[in-house]
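Colleague: Can you walk me through this one? I have the sequence and the structure open.

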Amino acid sequence: MNANAFLIKTIAQKDNHIFTIEWADGIAHDYRLSSVQKQCPCAGCNDEITGKKLLDEKSIKEDVRAVRIVNVGRYALRIQFTLGCSNGIYGFDMLRKMVGVHHA
Amino acid sequence: MPLQMYQEQKSPPKPKIKNIIGIAAGKGGVGKSTITVNLALTLKQLGYSVGVLDTDIYGPSIRKMLPEDRMPTQKGELIAPALCQGIKMISMAYFRKENEAAVVRAPIANGLIKQFLNNVEWGNLDFLLIDFPPGTGDIQLTISQQAHLTCALMVTTPQDVAVMDVRKAMNMFNQVKIPVIGVVENMSYFLQQSNQEKVYIFGKGGGERLARESEIPFLGAIPLDPKICASGDQGKSMYSDENHPAVAPFKELAKNFIGHLDLLSSQHDHLQAFELVWKEVSAS
């Protein structure tokens with residue numbers, strides 16, 4: 001049934017700058033909003049042809065917060081940040097790579 | 001008199017619907033609507049509560065195949081679906097005159113789909129079957145992102161030309177991580193009345209090959225039969241004729257479909273939809 005995908009079991013705010021995802025396979029990870037925003041995959045933050053990063057990571061405030069986080073279908077989430085770019089759709093695959101463990 | 005459309009309103013996901021199934025092919029003419037209607041009627045026969053959402057804005061055909069006993073109604077910005085032989089249904093066909101074309105660009109069509117997804121009061125349902133429009137474009141992506149699909153059921157006909165496009169639609173579902181529950185082959189064979197021999201008019205085994213190569217279940221084969229066509233054209237349920245040739249194949253399809261859906265449900269313990277609203281946390 002080719003549902004070989006990362007799925008979220010729970011998602012919760014940990015403090016003003018961090019949220020925690022518990023993945024369906026039991027792995028949990030804390031995500032700092034500024035670290036996630038530095039990986040923004042949107043077309044404005046990356047050159048779509050070359051893949052070169054256009055976003056200056058230094059422009060991301062370490063204390064950036066979120067307004068809300070919502071799912072995009074069953075494959076990604078979208079974060080409305082208080083500052084900076086909120087256009088990115090953060091795929092679950094990408095978020096899992098930030099844990100450092102990739103699904104086989 | 002066509003109903004007036006309201007502006008899209010935000011509303012929460014619909015937890016009262018147990019299974020939301022996308023019925024798709026990636027191409028037109030394979031019989032997605034025929035499969036949707038007859039699978040809905042079969043699930044209803046089996047005692048389930050069923051809804052049908054026809055998302056083909058440009059060529060909605062389900063209203064003709066499943067005529068309403070009660071028209072949809074509007075309460076403020078919410079739409080109560082039509083009732084058709086005990087099946088709840090919403091379609092663009094209720095909002096246009098029969099021969100009037102929906103001449104709208106993609107953003108408008110997307111807005112209409114979002115209203116269907118967010119503003120229809122389905123109530124408690126075991127199954128909501130979403131009849132996808134052909135293609136793998138903007139509308140299909142909107143449905144995939146916003147309809148909280150449990151899985152997709154692929155419809156194909158046996159010939160390679162059809163299978164090729166269905167494969168692309170399956171690829172789209174793989175990209176958006178929606179599990180494909182299986183393949184059903186429509187217009188699979190013609191049963192000759194004289195000798196009960198099956199004639200494979202469009203070739204043999206395309207659907208099974210697709211299922212095998214994609215490692216997904218083959219859920220059933222529906223025959224090519226004038227009675228199926230007539231049921232659709234006349235808006236009559238195949239269950240009104242106990243000798244209808246489609247009853248047995250659709251019951252087999254429904255049995256396989258429900259079996260694999262149970263299997264899929266048991267595999268996942270995860271959030272279907274969420275909204276995390278950020279709060280100020282004071283330092284302790």
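**A buried methionine and its surroundings**

Modeller: Start with B:M65, which counts as buried because 22 C-beta neighbours lie inside 10 Å. The cut-offs are 20 or more other C-beta atoms within 10 Å for buried, 12 or fewer for exposed, and partly exposed in between, with C-beta atoms placed from the backbone. This is a predicted model, in which local features need pLDDT of at least 70, side-chain atom pairs count only at pLDDT 80 or more, and totals for chains, interfaces and linings use all residues. Residues are numbered from 1 along each chain as its sequence is written, and chains are lettered from A and ligands numbered from 1 in the order in which they are written.

Colleague: Which helix is B:M65 in?

Modeller: Helix 2 of chain B, residues 62–65. Helices (H or I, at least four residues) and strands (E, at least two) are DSSP runs, numbered from the N terminus.

Colleague: And what is B:M65 in contact with, leaving aside neighbours within four places in sequence?

Modeller: B:S33, B:V37, B:G232 and B:G235. Contact is C-beta atoms, placed from the backbone, within 7 Å. B:T34 is 31 residues from B:M65 in sequence, with 7.9 Å between their C-alpha atoms.

Colleague: What are the confidence scores?

Modeller: ipTM is 0.90 and pTM is 0.80. Chain B has a mean pLDDT of 87, with 93% of its residues at 70 or more; pLDDT is the predictor's confidence in each residue, from 0 to 100.

Colleague: Moving on to strand 1 of chain B. How many of its residues are buried?

Modeller: 6 of 8, so strand 1 (residues 17–24) is mostly covered, by the definition of buried. Strand 1 runs parallel to strand 7 (residues 125–131) of chain B, joined by 6 bridges, and B:G22 has B:I130 as its bridge partner there. Strand 8 (residues 151–156) of chain B is also parallel to strand 1, with 4 bridges, and its B:M154 stands opposite B:A24. Strands pair if DSSP finds at least two bridges between them.

Colleague: Which residues touch the most other members of the largest nonpolar core?

Modeller: B:I23, B:A40, B:V52, B:L129, B:I130, B:A152 and B:M154, out of 91 residues in that core. A nonpolar core is a set of buried Ala, Val, Leu, Ile, Met, Phe, Trp, Tyr and Cys residues joined through C-beta atoms within 7 Å. Beyond four places in sequence, the contacts of B:I23 include B:I35, B:L129, B:I130 and B:V155.

Colleague: Now the interface. How many residues of each chain are in contact?

Modeller: 26 of chain B with 24 of chain A. On the chain B side, helix 4 (138–146), strand 9 (180–185), helix 8 (247–267) and strand 13 (275–277) each give two or more residues. Strand 13 gives the most, with 3 residues.

Colleague: What does strand 13 of chain B pair with?

Modeller: Strand 4 (residues 66–72) of chain A, antiparallel, over 3 bridges. In that pairing, A:V70 has B:E275 as its bridge partner.

Colleague: And chain A itself, how many helices and strands?

Modeller: 2 helices and 6 strands, in the order β-β-β-α-β-β-β-α from the N terminus. Its C-alpha trace spans about 40 × 35 × 25 Å along the principal axes. Of the 104 residues in chain A, 25% are buried.

Key. Contact = placed C-beta atoms within 7 Å.
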